[in-house]
Amino acid sequence: MQFHHHGYVSTDPRVQPAAGVGLDRPATLTDEVDVLIVGTGPAGMITAAQLAQFPDVHVRIIERRPGRLEIGQADGIQCRTVETFQAFGFAEAITAEAYEITEMAFWGPDPKDPSRLVRTASPLDDPEGLSEFPHLVVNQARVLDYFAEAARNAPGRVVPDYGWEFEGLEVTGEGEHPVTVHLLGTAHEQEGRRRTIRAKYVVGADGARSGVRRAIGCTLAGQSANHAWGVMDVLANSDFPDIRVKSAIQSASGGNILLIPREGGFLFRMYVDLGEVPEDSDHSVRQTPIEEIIRKANEIVSPYTIDVKSVAWSSVYEVGHRITDRFDDVLPGERGTRSPRVFITGDACHTHSAKAGQGMNVSMQDGYNIGWKLGHVLDGRAPESLLDTYSLERQVVAQNLIDFDKEWSTLMAKPASELDDPQAVADFYTRTMEFSAGFMTEYAASQIVGDAAHQSLATGFPIGKRFKSARVARVADTNHLHLGHRHVADGRYRVYVFADPAAPAEPSPTRALAEWLQHAPDSPIAVHTPAGRDANALLDIKVVYQRPYREIDLNDVPDAFKPTVGPFGLVDLENVFAALPDDDIFEARGIARDGAIVVVRPDQYVAAILPLTATDELAAYFRGALLPAA
């Protein structure tokens, strides 16, 4: 974390100086806004936290509830999501209070005595080292609290406006605020009051029954699996040996349970199989009493027992898999003729079973994706065409999730006696770990994702996939740290220059690239950085040398890698790194010894890979992604 560059800071450095709208943010909802976010769920709150980093963008987020969420339904946190938490500054804090999954136990009937259960497998959660971050379980309400804190502490000082319900909208296409939104007060002094808000853009993060989705004419299409599950968070005593281990339990004939220990050491969640649901049942299974769910759970784990002392939360749901045909308000025939003004995220555009632990995670990546793109467009950094990439990118991800969840939920619902292979569930879990961890997303080529012509220069950074971190040494202070952890969710692109073998002072492609970045009129720094802003305001450029850090003199490092920042023109020395001899990032990520440029988007996805000499291509990439500075 860097601070003091604008003057001495003695208070919490996580509270960034207010700026723009955040300097005098109106206490109550205003009649005109740049972005109105509907819903304070995971997708809405990460969107707000990201946009709060753009202080000149006026953002409001509304919620029909009178205050914060107290009991959340979602709880599983992928490794990819913890990476995202790191970018927003709270991965360490939330990990400290979460339950960490290190392995998963699979239980099935004992072949010698099917009336008894035995542990059939216990695979590690991440045996392949997909991420340095863990897989966590933590209450959704706490996730929202952390994002609320990040938004509140950011320069834009975004806080929720509670007690407002979305009633409808029209995209008029008129004026600077072409979206008219109708709201109804549901709590506090505005209860029963109706009002109209005019917005430049609207983000619907208002759940599976989304009013924003209906307002733009989208419907969820898909099918039900005609299978019901009871879910409950309980405090209980049990002699089941793996009661504090994430477990899939398949009885011979009595159904199945997915058991997920919760944070705090005592609470745990059970998804209890309630069996097939007749199509003409009119959803009567949803009225199943909690006593019946508890009885069914004990039947499945027999001869073990679960003595429930308290039920913190419970529900019954029927498995369904649905997705919308678009994630914005532009109809197929209009695509390319106008830019979208209304977007939907999370459960508003994709729903599925809860057992795969994907819903909250994918929803947050929806919000991360649209958040920085709206920030760039409204801040004048990027063309409005950037907004077309949101639906194109995230709809593919959602469809992949639906396909994955269908297979997983079907396997989980099968009695053990119907499985061709007793290890089928455990094998599927192991085989699909990369998807479950959140790392299968791969964006296609677009104005912000380059082609794979130079992929061979850095095979460990697949273009379109998230930037997989590795350890390096920071030259200035000799600290050994993860390079990717320097990627803060501040809306900037990262340009990683992996140097050729030469020393910093020697003539080399790396030094020539630095001179071009620093002085050439067609350099992206010169073309896109607004006058009066720091050189690294839009592009955070870092260099990684192959030489040992003890051999690198910072005075020999080109100034392009040591930008001056803040009102005092202080030299930033923390962008210069070196490979570690015993954990070489060049070797670990397949980076060519001749060097390479790796461009990473603000949401941590690899956007382009180029040779060190490809200045024309680097300039062309940013001409497509960013606007020239005014």
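Mentor: Fine. Keep in mind that this is a predicted model. Start with helix H7, residues 359-378: its 20 residues reach 29 Å from the first C-alpha to the last, close to the 28 Å expected at 1.5 Å a residue.

Trainee: What comes just after H7?

Mentor: Gly380, which takes a positive phi of about 80 degrees.

Trainee: And H2, why is that one called largely enclosed?

Mentor: Helix H2 covers residues 79-88, and nine of its ten residues are buried, so the rest of the structure largely encloses it.

Trainee: Which residues are buried in H2?

Mentor: Cys79, Arg80, Thr81, Val82, Glu83, Thr84, Phe85, Ala87 and Phe88.

Trainee: How do H8 and H9 pack?

Mentor: Helix H8 (residues 388-413) and helix H9 (residues 424-431) pack at an angle of about 155 degrees, and their axes are 10 Å apart. That makes H8 roughly antiparallel to H9. The crossing of H8 past H9 is left-handed.

Trainee: Which residues meet there?

Mentor: From H8, Phe404, Glu407, Trp408, Leu411 and Met412; from H9, Ala424, Val425, Phe428, Tyr429 and Arg431.

Trainee: Switching to charges. How many salt bridges does the structure hold?

Mentor: The structure holds 43. One of the pairs is Asp75 with Arg269, whose side chains meet at 3.6 Å, N to O. That pair links distant parts of the chain, 194 residues apart: Asp75 sits in the loop between strand E2 (59-63) and E3, and Arg269 in strand E15 (residues 268-276).

Trainee: Are Asp75 and Arg269 buried or exposed?

Mentor: Both Asp75 and Arg269 are buried. They also belong to a network of salt bridges that links Asp75, Asp233, Arg262, Glu263 and Arg269.

Trainee: What about Arg492 and Asp490?

Mentor: Their side chains form a salt bridge at 2.9 Å, N to O. Arg492 has a relative accessible area of 16%, so it is buried. Asp490, at 15%, counts as buried as well.

Trainee: And which residue does Asp584 form a salt bridge with?

Mentor: Arg593, with the closest N and O atoms 2.7 Å apart. Asp584 is buried at a relative accessible area of 16%, whereas Arg593 is partly exposed at 38%.

Trainee: Last one, Arg194. Where is Arg194 found?

Mentor: Arg194 is found in strand E11 (residues 194-204). Its relative accessibility is 57%, so Arg194 counts as exposed.

Trainee: What is Arg194 in contact with?

Mentor: Leaving aside neighbours within four places in sequence, Arg194 is in contact with Glu167, Leu183 and Leu184.

Trainee: And what separates the C-alpha atoms of Arg194 and Asp584?

Mentor: They are 390 residues apart along the chain, and their C-alpha atoms are separated by 61 Å.

Notes:
Residues numbered from 1 in each chain as written. Predicted model: local features only at pLDDT ≥ 70, side-chain atom pairs only at ≥ 80, totals over all residues. Heavy atoms only, no water. Helix = DSSP H or I, 4+ residues; strand = E, 2+ residues; numbered from the N terminus. Expected span 1.5 Å × (residues − 1). Buried < 20%, exposed > 50% of the residue type's maximum accessible area, 1.4 Å probe, protein only. Salt bridge = Lys/Arg side-chain N within 4 Å of Asp/Glu carboxyl O. Axes fitted to C-alpha atoms, helices over the stretch in contact; angles between N-to-C directions. Parallel < 35°, antiparallel > 145°, perpendicular 65-115°, else oblique. Left-handed = near helix turned anticlockwise from the far one by under 90°. Contact = heavy atoms within 4.5 Å.
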